Structure formats: C-alpha cells, structure tokens
Amino acid sequence: MTGAELNPEALLSGILEGIGQPFYAVDREWRIYLYNQDAARHFGQPASRMLGRRLWDMFPDDIHHERGRILRDAMERRTTVKGEAVSIVGPWVSYCLFPLGDGLGVILHDVSDRYRAEESRDEALGALHRRTAELEAVLEMIPTAVWFTYDPLARQIVTNRRAAELLRLPFGTNASLTGPQAKRPTFRFYKGGQQVPATDLPMQRAARGEEATDEVLELRFENGDRKILLVRAVTLRDAAGAIQGAVAAAADVTDRHRYEDHLRLLLDELNHRVKNTLAIVQSIAYQTLRSSGDPAEARQRFEGRLLALSKAHDVLTRERWQRASLRQVIDEAISPYAGTDSQRFEVSGPDLAVPPKHALALAMAFHELCANAVKHGALSRLTGTVGVDWRLEERDGARFLSLCWTERGGPLVGQPTRRGFGSRLLEHGLPQDLRGTVRLEFAAPGVICRIEAPMPGETETAIDPESNAIPPP
Amino acid sequence: MSTVTVLRVLLVEDESIVAMMVADLLEELGHVVAGAASTLEDAVVKAASLEFDVALLDLNLNGRQSKPVVAILQRRELPFVFTTGYGSAMTAELAEVPVLRKPFLIGDLQDVLQQAIKKEGR
C-alpha cells in the first residue's frame, strides 16, 4: 500500500504524531485545529481542551508578550519565521512558524538542555576566569615570593613579581637552576654552610613528588649578598593523582634572623655582665669579711659597698651602658653622706661623659672615700667639709681628668695602721681601671686624694644611640 | 703531690676588684702572683717576658678577645686557664683548655690550676 492510498485523516494523523516535536496549527481567527501529542505534553494540556479554542483564550497573557507579537507578525506577513524564545510553559524552544492555509503552523523544539549546557559552560568559564584573575591578583599582591613549574625536572620555573625581585631576576625570566645551561640564574642556595645541589632544592623535589616543607635556605648572590629564606614547596597533582608540577612559596626571613642573632648577642652580653657583677660582689664580700673583725661592722660595710655598686649601675643603665655622667656618678656616691646639709660637700667641675668601666671604678672609689671620711675623717665632725674639684686638661693633644678630693675641718689624721679594702681599691684598683695615677695622702688637715687619668676622646665615648653595636662590658 | 706545688701565676683580669680577690685566693692557696695585667697590651708583654708556671687568662679584656696572649703562651708552651663570665664561643683547638667560670670557689681555682699543670706534664 502506498502513502497515496491511505485515507487523508490517517495520513495527517501519522504526519502529525511522526514529527516528534510539539506541533499545532491555527486558522486566521487563531482557532486551534491541529494539536499533536507532543504539543499536549509540552503545554500540559490535552488536545480535547485545546482543539477548537482560540489561542489567546488559552494563553491570554501571550497577547502582550513578545511571543504574541512574533505570532501576529508571522500571521500578517505570511512568511516562515524561525527563532528561539522562552516558551510560555518555561523551557527554551526553537520555533518555526509557517503559513498553513489562511492560518499558521507552529513547530516547537525544546532546546533547554542545550541552553542549560551552554549556560553551565559559560558559568564554568566565567568562574575559571574569575579564579584566575583572583589568583593573579593575590600572586601580585602578597608579600611572598611564589614560583611554579609544570614539568617533573622543573626546567622551567615561572615566578610572581615578588619572587623575581627577591631572586633579582627580570620579571618573566626562567628562575630554574635545573633549566637550560646557558640561561641559568647565577644565585645559589646554601644550607648549613653547604651548597644545595640544584636537583635537591625544594621545588625540584616537590616536582618529583617529594615533601619539602619549611626549609630554611640561604640565598647567595654572585656579589656576595645573602638572604635567608623560609621555603615551602608542594606537588601539584591532577584529579587522578598524576604529578602536574609544583608550586613553592618563600618568605624572606633575613631581618628576623638578624634580629634573633642580635637578641642572642644581647643575651650573651647580659649574661656576661651578670656573671661579671656577681664576681665583683663575690670579691667585695670576700675582702670585706676577711678584713673586718666585727660581724655587724662587716655587714654594714658590705651593704654600703653593694649599694654603691648598685647606684653606679643605675647611672649606667640610664645611658644604656654606653657612658655615664661624671657629675651623676659623684652625686649618687656622696648622696647617702650629704644628708640634708648640702654644705658638707663642695662639688665643682665640668660635667663630662666617662666610659662604663671608669664610672664603676670611680663610684666604688668615692664610696670608700666617703665611708672613711665618716668614720675617721672630716665627716666625723659636725664642721668638717669635703671638696670635690675636677677639671679637664689637654696634655700633648690628649685629654686628662684631674680630680681632687680634699677633706677639711676634720680631726688630725695620721697614716692608717692597716691597709683595708678601701685603700687597696683606691691605690691599686682605681689606677688600674682608669689607667691613671691615684695619690692618697693622709695629711694633717685631712685626707687628700688626687686622681689623674687620660680620658677617651669624644668619638670613643659618644656612641650612636641608634647603632646596634654592643659596647664592651 | 699537687698540694705542695707552689705555682707562679700570671694573673690577667680586667676587673680590678675581681683581680684583688683572685690574688688573695692564690696566696691563700700558697701560690705566688708572678705578675698581673689588666689590659691586652700589658698581658702580651708580661706573658712574653715574665717567668711563671701557669696563666689565669680572662677571655675578654675590656671587650677584646685575649687571643694574642694565647698565641704567646702556646709558643712558650706554658699552661693556661681561661676565666670567663659566660660560655663564649671557643674555637675547636682551644676546647681542651680548662675554663674557670666566674664567680667561683677557691676549690675550683685550685682544681683548674692542677688540671692545667697536669695536661702540660703529659
């Protein structure tokens, strides 16, 4: 049987359902007269409800919609119109409107799957672009050097700008030490003083799939400059776990290391001073106890000497142990003996900076002179006074301190019968510490102590307070 | 026996108050202070010229290392003891030198002197 032999209704119905896409037809009055099963599924309305009804009665909103305009336009112009639009029931459709009799035939094709695929692809691409842009911005902004490789031998290493700066390479240069021989950078890495072979660097190891976390490496440049880097490298793998390359990040910890070194030096220095001071205290205790018969007197003397040492430290601490004011050293030493009566001491001389060692020695010496004056000399009488005068002299281009301690109005003094810690300190210790001379006279009107010592030049005492240099103890 | 050995000691110490005590302690132990120095220059001269059996050498003299003195003592093959306030970095070849850490007891002083003498006698 040929197609021509089919009855027209069976033929139409066969074609209608055989299209396999939603199809309907309207007459000049928009009355629906053909409507297949796919159209029923698409619109969710059975043929029984649609056939014989006007399209606008069924979809009244469409009159004012773009869809309505397209349909009316096609009806007027009597031409085939193709396009894509959102269907009234939701999904994207491609449509074909063609003149059929005095009306229109409409074939729809649901393309929402394609649209969804395109949308998600666009979204994915957009997200990828955003992520890439974010990553680039982060790489540009972070104060960390970052470099990448995409081959297991790390022959080609690309860096961010910070890494290029850190490695002193033009931005965009291959930073690999395992790259083509002729183009290799000239810097080298060291660990514990030993050069690290290029194939053992964190990046090269990570590119082979090995661990490389938090390694401290020293970066050395050809000109001798050095930097300390904290480097971390990780292997980049694809979803299946295959190695794609490696990424490394490095922080310049040079300043931190310098600071830590400086701190260690300061701690050593502090430790040295503490131990040194303890040795001085031990010596004072030893000499005080062995030369004093009376325990109460020994205790008093020891405490006096300890206090003198402590006050000298106070003066030095104020100047960060770099120098001390001679005036302050003297004032601190005599203050326990000056009392409220300021007439007992006549102190005069230009203030000058003395090195720490001089300050300590002078403080201890003045304490001994005061203690002696209170016990045997001018300060043992109500009317006795002490003069402390000094001046700075130039001798053969060198500066000399000339200081005189003069007691007046005290009892007649004679040579002491016993040389104790005090006179030993004044006659042996002080000249040694000052590299000068000390003359102690037990004269009839009172004790006179003349001190002469070369003074270091301004350049030696005036140490830049901002400098990190540690002055000698 | 070591207790009867009278040693002539070169005392190099920049802190005068400490030097006074060490001199007293040496006398108390029956030793003799053959010479005392408080500066590197003085120490170099005395280490090279004086007659003594052992040196007590402060590692740090007014902020300067006393290495030049070490060189002279080694050349003269005279034993020595380092005195120091803290464990400063010592070179490997000097790691064997006895060290007296300040402050110290009189017994410690005697022990390190004997140690230095014995090492030399080997």
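Across all chains, a search of the whole structure turns up 44 salt bridges, each one a side-chain nitrogen of Lys or Arg within 4 Å of a carboxyl oxygen of Asp or Glu. Please keep in mind that this is a predicted model, in which local features need pLDDT of at least 70, side-chain atom pairs count only at pLDDT 80 or more, and totals for chains, interfaces and linings use all residues. Residues are numbered from 1 along each chain as its sequence is written, chains are lettered from A in the order in which they are written, and side-chain values use heavy atoms, with hydrogens and water left out.

| Pair | N to O distance |
|---|---|
| A:R168 and A:D225 | 2.9 Å |
| A:E297 and A:K375 | 3.7 Å |
| A:R395 and A:E452 | 3.2 Å |

Let us take these pairs in turn. The salt bridge of A:R168 with A:D225 joins two loops: A:R168 sits between α7 (161–166) and β8 (188–191), and A:D225 between β10 (212–220) and β11 (226–237), so parts that are 57 residues apart in sequence are tied together. Helices and strands here are DSSP runs, numbered from the N terminus (helices: H or I, at least four residues; strands: E, at least two). A:R168 is partly exposed, at 43% relative accessible area, and A:D225 is partly exposed too, at 31%. On this scale buried means under 20% relative accessible area, exposed means over 50%, and partly exposed is in between, using a 1.4 Å probe and protein chains only.

The salt bridge between A:E297 and A:K375 connects two helices: A:E297 belongs to α10 (residues 295–318) of chain A and A:K375 to α12, so it ties together parts 78 residues apart in sequence. A:E297 counts as partly exposed at 24% relative accessibility, as does A:K375 at 44%.

For A:R395 and A:E452, whose side chains meet in a salt bridge, the elements involved are strands: A:R395 is in β16 (residues 385–395) and A:E452 in β19 (residues 446–455) of chain A, 57 residues apart. A:R395 is partly exposed at 28% relative accessibility, and A:E452 is partly exposed at 26%.

Chain A also has a network of salt bridges, which links A:K191, A:R205, A:R208, A:E210 and A:E215.

## Helix α12

Helix α12 (residues 356–375) of chain A has 20 residues, which at 1.5 Å a residue should span 28 Å; its end C-alpha atoms are 29 Å apart, in agreement. The expected span is 1.5 Å times one less than the number of residues. Of the 20 residues of α12(A), 16 are buried, so the helix is largely enclosed by the rest of the structure.

## Where chains A and B meet

In the interface, 25 residues of chain A are in contact with 22 residues of chain B, contact meaning heavy atoms within 4.5 Å. About 2300 Å² is buried between chain A and chain B, and carbon and sulfur atoms give 57% of it. This area is the accessible area (1.4 Å probe) that two parts lose on being put together, summed over both.

The rule finds two salt bridges across the interface of chain A and chain B. A:R424 and B:D24 meet through their side chains in a salt bridge of 2.8 Å, N to O. On the side of chain A that touches chain B, α9 (254–291), α12 and α13 (421–434) of chain A each supply at least two residues. Helix α9(A) gives the largest share of that side, 14 residues.

## Chain B and some backbone details

Chain B has four helices and seven strands, arranged along the sequence as β-α-β-α-β-β-β-α-β-β-α. Buried residues make up 52% of its 122 residues.

Most residues other than glycine have a negative phi, and most peptide bonds are trans. The peptide bond from B:K102 to B:P103 is cis, with omega near -10°, and B:P103 lies in the loop between β7 (99–101) and α4 (106–121) of chain B. In chain A, A:R78 has a positive phi near 55°; A:R78 is in the loop between α5 (66–77) and β3 (81–86) and is partly exposed at 28% relative accessibility. A:R435 has a positive phi near 55° and is found in the loop between α13 and β18 (437–443) of chain A.
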